[in-house]
Amino acid sequence: MPPSPATAPSLSHPAYRPDIDGLRAIAVLSVIIFHASPRWLPGGFVGVDIFFVISGFLISTIMFGSLAGGGFSYAEFYARRIRRIFPGLVLMLIATLAFGWWVLLADEFRQLGKHVLASAGFVANLVLWGEAGYFDTVVETKPLLHLWSLAVEEQFYIFWPLLLTLAWKRQHLLRWMGVAVGLSFLLNVGLVVRHPDAAFYMPFTRVWELGAGAMLAWVAWRRGPGAAPLPGHQFMGAAGLACIVAALGLLDRYKAFPGFWAVLPVLGACLCIAAGPQAWFNRRLLGARLFVWFGLISYPLYLWHWPLLAYARVLQEGFLDPPRVLRFGALGVSVLLAWLTFRFVERPLRRGGRGVVAGLAGAMVVLALVGAAAQLRWLLPRNDDPSIQAIMNAGADWVYPEALKPFTFEGQGFERIDGGPREVLLIGDSHVEQYRARALALAERKPDEVSTLLFATRGACPPIPNLIEDRDPICGERLSAALDLARTPAVKAVVIGGCWGCYFDVDQAPPTASAPPPPDHYYYRDAQGHRHLLRGGDGVDQSIAALGRLLAEIRAMGKTPYLLLNIPVGADFEPRSRLTGNRLERMTAAPVTPMAPLPPSQAALHERLRQLALANGAIPLDPMAGLCRPDGQCVRADGQGDPVYKDATHLRAAYVREAATFLDTALLAPASR
């Protein structure tokens, strides 16, 4: 039976279970091994979901005991949370920020400041969700990326005590928890395909995982301490571990996750906890001394491992994966730091009183202020050479989707610039988006002459029917909606553009067993459903032929088709390739010649696409006419040495705004040209 109100404390503490610490060990070791080498444990990221179940179980157990006793105290609850999570978190944030000041560049340090501020406010998941996109920084180089899960937990603990308190008074606790879990799961499943970033980072799509642990806690609490093991508890322990092992082996980063797949680790964790400490697997495996030890340091180990791996990647040339020995060496250091943090920081402060709570809260506020100063560029990193800043400015010079009005067509969200009655539809990827700066300039300078411009774009989505990007199921839906929009009477012209060099300038040599082709997520799917690879197959020819048919189809609609040709792309045009020096010592940006050679393969592709446009009644729009000289040398920097590119494959907005005049023939009304 549950404890009586007369004997229960105001903030109850559940009995210690070593097997739950062992389950924590499995969760944290899965995560850190996955982060060090995904090939070794492709589904290791599910350790976070196991953590969510454990957290929901333990915290809800405390709440039930408190609600049945002297009443739940928010002040005591959050004081306990501060003593539990702030010591290690504050220490890790200080170290991460200090090392970032030493090795990061201006834009990187600014982003780190934003993440420190978000982490101190426990909204890191929402900030990371807002950053997710085609031009987001490589996630493996964000030192505080892992704190999204901590933010989800703390957001859960804002509303969960309120829900339990209200439901407790009405004696419908299990029912309301079930409603919350069910709605959260449905939201998770509904968003995971179309909006995977939202499904991953939103707190409401993760409530069901924490809530599953809470419902398990309710069942255990109602049975009371010392209750006999559940029937079949031995089977539960084995089945739970089997579910976790299956999730670790069957899942990988390319699955639609969390979605239905998250049921595996959540169910596994629930079964392991429900089996109880007397189940054989729980007692012998999860309760083993080594697992319990890793469980005790699991929280600081989770805190330390990711910044070490992220900075190891940052220090590598080109943000490449560090050697395996370095990655696992970083894990070894994180284990040592975790033990030191647990032994000399967490344990002493966990027993502190109000002064410790106030000190920890004050330290977090100071960290938030320092993070804000870094984000606002009041606090600059050590590497703040003006030549580096010019490169950072180029990398941030992007118009997307500034000053454009959103609209919806067939359920797809597009953008527009209002102008005259003639509508021009622009379909493509980020290589069409890069010209929004010119479109906005025309709308500002020639408002009476510019057409109404409709942008139906999505980064990395090729604008060719049946050319598939297998990581993004939305590409095909958006292109289908865009082509239906092209058929509407108001649309008079259609511009098709993309990073043609990215898709088609590939090695056509067939793969061999000893030398597989580079990773490729694009293929052409024919009418019979057969895949034609771009690398090592005839997918390039198939795709270019399909592009020709699309241009002819647009012409047959009575519209004017335009084919936006490619710009030079590659490492020679990447502004960051000018960075020299060592991040641990000093970095500068080397001067470069204003021109770089156009690779012959790109020149050949450019001419092939120009001829394709003419053969199918389309008008080619040629950016290379202004970028490249007849001798094959192309602009990469202006007269002052500032980059004209944002990165290796995109022009910066400042250049596009003034120089992309070749677009005017398509964007302005015919009478004004």
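Between which two strands is the loop that holds Glu410? Select Glu410 and you'll land between strand S1 (405-409) and strand S2 (412-417); helices (H or I, at least four residues) and strands (E, at least two) are DSSP runs, numbered from the N terminus. Check the backbone while you're there: phi of Glu410 is positive, about 50 degrees, although the residue is not a glycine.

Two notes before moving on. This is a predicted model, in which local features need pLDDT of at least 70 and side-chain atom pairs count only at pLDDT 80 or more, while totals for chains, interfaces and linings use all residues. Residues are numbered from 1 along each chain as its sequence is written, and side-chain values use heavy atoms, with hydrogens and water left out.

Next, pick Arg377, in the loop between helix H16 (354-375) and helix H17 (386-396). Arg377 also has a positive phi without being a glycine, near 65 degrees. Its relative accessibility is 38%, so it counts as partly exposed (buried is under 20% relative accessible area, exposed over 50%, partly exposed in between, with a 1.4 Å probe and protein chains only).

Now go to Phe257 and Pro258, which are joined by a cis peptide bond with omega of about 10 degrees. Pro258 is in the loop between helix H10 (233-250) and helix H11 (263-275).

Zoom in on Met63. Neighbours within four places in sequence aside, Met63 is in contact (heavy atoms within 4.5 Å) with Phe72, Phe77, Tyr157, Trp160, Pro161 and Leu164.

Then try helix H20 (residues 474-486). Buried residues in H20 include Ile474, Arg478 and Leu485.

Last stop: Leu315, in the loop between helix H14 (298-314) and helix H15 (324-350). Leu315 is partly exposed, at 36% relative accessible area.
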